[in-house]
Amino acid sequence: KCIKAGVPSIVSSHMLETMAKADGEATRAEISDIVNATLDGCDCTMLEHETLGGNAIACIQKMQDTILETEQMINYRRWSRELITQMSIPSDVANVTAISACTAAMVSAASAIIVLTITGKTARLITKFRPECPVVIVSPNAHTVHQCLLLRGASPILVRDKSDNWQKNIDLSIESGLQFIHQSAIIHKYPATVVAVMGYKE
């Protein structure tokens, strides 16, 4: 329901409680909880008191390794198609824009999607359709960037407007997104295709 509504979901329930102690090891049940949460499509998994003890880094690393390994089993292309076909017709402009961006990325085998957004709405809708490539969100709004950290498969970055010229700010934002992609090694093979999309405020 959260995925269809485009609402970020967080799973937090003492997921690695046995690792809270310095010498603790994750149980099979705990690993299964993380795997199932990832397969079910949650946007975030959250650790609680596990990060307060002397084993905090190990807990975070175990969570990350488990999620990354689980994501290798997910057929994002099929998942994205299913979510798109479940949309009601007619749909609003924002959803159509998000679907178009995800479809373009799928058909062109794009390595990333760059989303320019102020409120974060377009970014939330694009990640809702679970594209198989990473989504780089570029926004001049710090609050939006913080909120978008919750979105699955998204890497938000803050880029302040540097000009009074609207078109120049768009060009600078896309360039910043491309620089981030290059510096963070999101793309491993060149030449590569990147889809850029911009939201609009109604």
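User: How many salt bridges does the structure hold?
Analyst: This is a predicted model, and the structure holds three salt bridges.

User: Which residue pairs with aspartate 43?
Analyst: Aspartate 43 forms a salt bridge with arginine 130, with 3.6 Å between the closest N and O atoms. The two lie 87 residues apart and link distant parts of the chain. Aspartate 43 sits in the loop between helix H2 and strand E2, and arginine 130 in the loop between helix H6 and strand E4.

User: Are those two buried or exposed?
Analyst: Aspartate 43 is buried, and arginine 130 is buried too.

User: What does glutamate 71 meet?
Analyst: The side chain of glutamate 71 meets that of arginine 152 in a salt bridge, 3.6 Å from N to O. Glutamate 71 is in helix H3, while arginine 152 is in the loop between helix H7 and strand E5, 81 residues apart. Glutamate 71 is partly exposed at 24% relative accessibility, and arginine 152 is buried at 8%.

User: And which residue does glutamate 132 meet?
Analyst: Glutamate 132 meets arginine 77, at 2.7 Å from N to O. Glutamate 132 is in the loop between H6 and E4, and arginine 77 is in helix H4. Glutamate 132 is partly exposed, at 42%, as is arginine 77, at 31%.

User: Switching to cysteines, how many disulfides are there?
Analyst: The count is zero. For cysteine 42, the nearest cysteine sulfur is that of cysteine 44, 7.2 Å away.

Definitions and conventions
Residues numbered from 1 in each chain as written. Predicted model: local features only at pLDDT ≥ 70, side-chain atom pairs only at ≥ 80, totals over all residues. Heavy atoms only, no water. Disulfide = S-S within 2.5 Å. Salt bridge = Lys/Arg side-chain N within 4 Å of Asp/Glu carboxyl O. Helix = DSSP H or I, 4+ residues; strand = E, 2+ residues; numbered from the N terminus. Buried < 20%, exposed > 50% of the residue type's maximum accessible area, 1.4 Å probe, protein only.
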